[in-house]
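I am opening the notebook on this entry. Please put the sequence and the coordinates up first.

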Amino acid sequence: MNQRINPNQIDRKLLTVSDRDIFVTTQKALLIGIILKNETRADKEESLKELVNLVKTAGSNPTIIQTKRVESIDPKTFIGKGSIAELTDISDANDIDVVIFDCELSPNQQKELRSMFKCDVVDRTGLILDIFALHAQSKEARLQVELALSIYLKPRLAGLGKTLNQQGGGIGTRGPGETKLETDSRLIDNRINKLKKDLKKISKQREVQSSLRKKNNTPLVSIVGYTNAGKSTLLEKITSSKTYVANELFATVDSLQRELKIDGLNEPIIISDTVGFIQNLPTTLIESFKSTLTVVNEASLLIHVVDAASALPSMHIQTVHSILKQINNQVPEILVFNKIDKIDQASKNFLLEKFKDAIFVSAIENINIDTLIQEITDKIFGDLLNVVVLVEPHNLDKIYKFASISDVKNSEGFLKVNITIRNHYLEKLITKDIVKLL
Ligand SMILES: Nc1nc2c(ncn2[C@@H]2O[C@H](COP(=O)(O)OP(=O)(O)OP(=O)(O)O)[C@@H](O)[C@H]2O)c(=O)[nH]1
Ligand SMILES: [Mg+2]
């Protein structure tokens, strides 16, 4: 069993050495925000705040935060020599264990920076991969994370050299659960191929489940959204089930499905929770998680959850839309602003004005959850209609399952029945010649 580990108690350098070494002090991290040409400090503020949360979630301590303007990217070191000299002084003076850049570094840049800082240097991608490794629970998620990490690590192995082999790896070099990543460059390709094969097997099983669901015509709704928007909390609230909720980024890495039973309808709706999105989500992760993300593509409806209290809800919405586009998703969505208990009336009015079709809820305070369930039901099963239909007497039994009947009259060998029914079922009964509309 993969045991959940409290990230606040992990020292990454020692994690893979033995269980005894897990509970030691946290690493001190120096965070470096990057402002590129044509970008403003304000543009990058949110990204840097996010980096702080990512570092905390990964179990390190964001001890010092620096921002550097980069006019032109140095192919060897990303930031210029002057800035590096300044930052290495800060790192030395503060006994920093890991330097984290809020950008993507090439394997060579990472190697060069490691030797300059004389400690571990990690980029945003490495950090996100590390959190995925920490949080992956199911076999599939763990294989997917290991695949993404192996692909990321492969060109970086040369730069890690002895450090990695002796210490067992830092952020971005540790496998999911207790797995030790393959660090021998001659063997890594074999491992990548094996992981791909194993994942293919699991995705075949997923296909079987999905075709069963399709055969039974069970509707599937998928919850998507930016990380930490409250997707798992909402799933828990809607379906009255237990899921893992935490104030961490990427608390959910596995895809999870729950049934929503609706009063008066005899078919459940399957609601799936999945991994959250973030700006600059590493492409290797999207690739490796493709099969988990197929659930999002197979859904007939998306619930797109947005944290109403976030500083940049529009940026979060755009990020989610652009990742959905990358996986060729065209499923219609209901936009849901969650955490409205955290915002004041003025902010709510602003969002109401800007996003007229959205639903505003609080999963924690149970505000408007019924409205959301109603909206999901209406979208999946169509409107609730009150109609009079003609039915042959022997077919009356077949209607009870789908409709509530208020009045039955005889009419020239037929029954004239007044029913209340969802459009989805009415169409089904008409196509099967069980009822005729009057
Ligand atoms: N105030 C408030 N907090 C909420 C609400 N819904 C969720 N939260 C909190 O937001 C944090 C994230 O919730 P999750 O449900 O784990 O969010 P998620 O979208 O599943 O996050 P990831 O799986 O990490 O992408 C937790 O601390 C929740 O308690 C809400 O309606 N109001
Ligand atoms: Mg979650």
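I looked up K339 and found it in the loop between β9 and α13 (345–354). I take helices as DSSP runs of H or I of at least four residues, and strands as DSSP runs of E of at least two, numbered from the N terminus. Phi of K339 is near 65°, a positive value in a residue other than glycine. Most residues other than glycine have a negative phi. Is K339 buried or exposed? K339 counts as buried, with 23 C-beta neighbours inside 10 Å. My cut-offs: buried means 20 or more other C-beta atoms within 10 Å of a residue's own, exposed means 12 or fewer, and partly exposed lies in between, with C-beta atoms placed from the backbone.

Notes on provenance. This is a predicted model, so I keep local features only at pLDDT of at least 70 and side-chain atom pairs only at pLDDT 80 or more, while totals for chains, interfaces and linings use all residues. Residues are numbered from 1 along each chain as its sequence is written, and chains are lettered from A and ligands numbered from 1 in the order in which they are written.

I checked N280 next. Its phi is near 55°, again a positive value in a residue other than glycine. N280 sits in the loop between β7 and α10 (283–288). N280 is partly exposed, with 14 other C-beta atoms within 10 Å.

Then the sheet. I read an open sheet of six strands, in the order β6-β7-β5-β8-β9-β10, with mixed pairing. The edge strands are β6 (256–260) and β10 (359–360), each pairing on one side only. I count a pair if DSSP finds at least two bridges between the strands. β6 and β7 (residues 269–273) run antiparallel, joined by five bridges. In that pair, R258 stands opposite I271 in β7.

Strand β5 (residues 220–225) runs parallel to β8, with five bridges joining them. G225 stands opposite V305 there. β8 also pairs with strand β9 (residues 333–338), in the parallel sense, over six bridges. H304 faces L335 in β9. How enclosed is β8? Six of the seven residues of β8 (residues 301–307) are buried, so the strand is largely enclosed by the rest of the structure.

I traced the connection onward. β8, helix α12 (residues 313–326) and β9 form a right-handed β-α-β unit. Right-handed means that, with the strands pointing away from the viewer, the path from the first strand over the helix to the second runs clockwise.

Because 13 of its 15 residues are buried, α6 is largely enclosed by the rest of the structure.

Ligand 1 came next. I list 24 residues around it, the closest being G230, S232, N247, T252 and G276. A residue is near if its C-beta atom, placed from the backbone, lies within 6 Å. Helix α9 (residues 231–239) gives the largest share of the shell, three residues.

Last, the totals. The protein has 16 helices and 14 strands. Of its 438 residues, 39% count as buried.
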